Amino acid sequence: MNIIHPKSWHIPEREVTPEAIFMNRRALVKSMGFLGLGAVAAGALPRSVLAQEADPTANLYPAQRDDRFTVSRALTPEKDASTYNNFYEFGSHKRISDAAQALKIRPWSITIDGEVDNPQVIEFDDLVRKMQLEERVYRHRCVEAWAMTVPWTGFALSDLVKMAGPKAGAKFIRFETFEDPDVASGQRQFWYPWPYTEGLTIDEATNELAFMVTGIYGKPLPKQFGAPLRLAVPWKYGFKSIKSIVKISFVSEQPKTFWQTIAPSEYGFWANVNPNVPHPRWSQETEQLLGTNERVPTRLFNGYEEQVAGLYPDLKEKSLYL
Ligand code: MTE
């Protein structure tokens, strides 16, 4: 007899549903193939979807879903997740999806440097073909208290760490976003410390949940989500999940991050989700789901405590959550 031990991130059946709708969509997208998208009436698709047509990696999607990372709560409808984004490079509001289409994502090279045996500059298209792609359904919890549940496609960050070959001195990884104020109007706002940067410890980066994202909803990543390559660290507030990465540096010191530089007392390096540690200006006890606007309780480490609590010996330390 099979006894099912639900994982800590599972939540009750009553919150599950649109999966069937999503799966039908996946089957449809797959059967249409790459060129098939063009057969659909252009007026029926948002601009951001049309922008996918020329993606040279479209045939890699949808990837096989890894059922170890399935969340039993409704997926956020694609339309809602695709039109409510944080990407300050294109504006400090949520409706940046059209503006983000100006980002040129080919060619796109990623520099891997610092304390590694194999420093390199690799084209995104080569990297994505080198890695084992899979789909994972993750929760995403913004520090602003909105949340979504989305099927990311990508590869384990630990595989990239392995490829880089960290030396003993590599204790942290620093990630950096592109910088091009000509296309990203937000980067003309000189008071922000561009380019956007983020960081993880090596132990966090090699945790099984740390994921390099190249796609979503069974397709290459639309630009507003941080194409062509972003991070997803679902136990941390969303600002840690840096978009449109061009540089990955292995360093010995804790890197300074974008939000930490702007407001260190509000956005720290660790930023682990905790309902009991309020943001200095609002409560973190609940979160609002994109799509339904339902308010649900926030969960410690965003529901991933089982996987990540071991990374933090002193769970009581407040700074872990700011
Ligand atoms: N990465 C870059 N480069 N610029 C940003 O403004 N915003 C962050 C994060 N990564 C951001 C970024 C924040 S605050 C959140 S909540 C998520 O991206 C939002 O991801 P989404 O738009 O895909 O939902």
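Predicted model: local features only at pLDDT ≥ 70, side-chain atom pairs only at ≥ 80, totals over all residues.
A residue counts as buried when its relative accessible area is under 20%. Who are its neighbours? Leaving aside residues up to four places away in sequence, Gly199 touches Ile173, Arg174, Phe175, Lys240, Pro255, Thr257 and Phe269. Take Thr257 from that list: 58 residues separate it from Gly199 in sequence, yet their C-alpha atoms are 6.6 Å apart in space.

Burial is also the theme of strand E3, residues 134-141, where eight of the eight residues are buried. In a regular strand, side chains alternate between the two faces of the sheet. Here both faces of E3 are covered, with Glu134, Arg136, Tyr138 and His140 on one side and Glu135, Val137, Arg139 and Arg141 on the other. The partner of E3 is strand E4, residues 146-156, and the two run antiparallel over eight bridges. If you look across from Arg136, you will find Trp152 of E4 standing opposite. Four residues lie between the strands of this hairpin, and Ala145 in the turn has a positive phi of about 85°.

Now turn to the ligand. There are 18 residues around it, and Tyr88, Glu89, Arg230, Ser241 and Lys243 come nearest. By class, this shell holds nine nonpolar, six polar and three charged residues. A polar side-chain atom of Glu89 is 2.8 Å from a ligand nitrogen, while an N or O atom in the side chain of Arg230 lies 2.6 Å from a ligand oxygen. Of the 530 Å² of accessible area that the ligand has on its own, the protein covers 99%.

Notes:
Residues numbered from 1 in each chain as written. Heavy atoms only, no water. Buried < 20%, exposed > 50% of the residue type's maximum accessible area, 1.4 Å probe, protein only. Pairing = 2+ DSSP bridges. Contact = heavy atoms within 4.5 Å. Near = heavy atom within 4 Å. Polar contact = N/O pair within 3.5 Å; in protein donor to acceptor, adjacent residues only side chain to side chain. Areas by Shrake-Rupley, 256 points an atom, 1.4 Å probe, with all protein chains shown as cover. Nonpolar A, V, L, I, M, F, W, Y, C, P; charged D, E, K, R; others polar.
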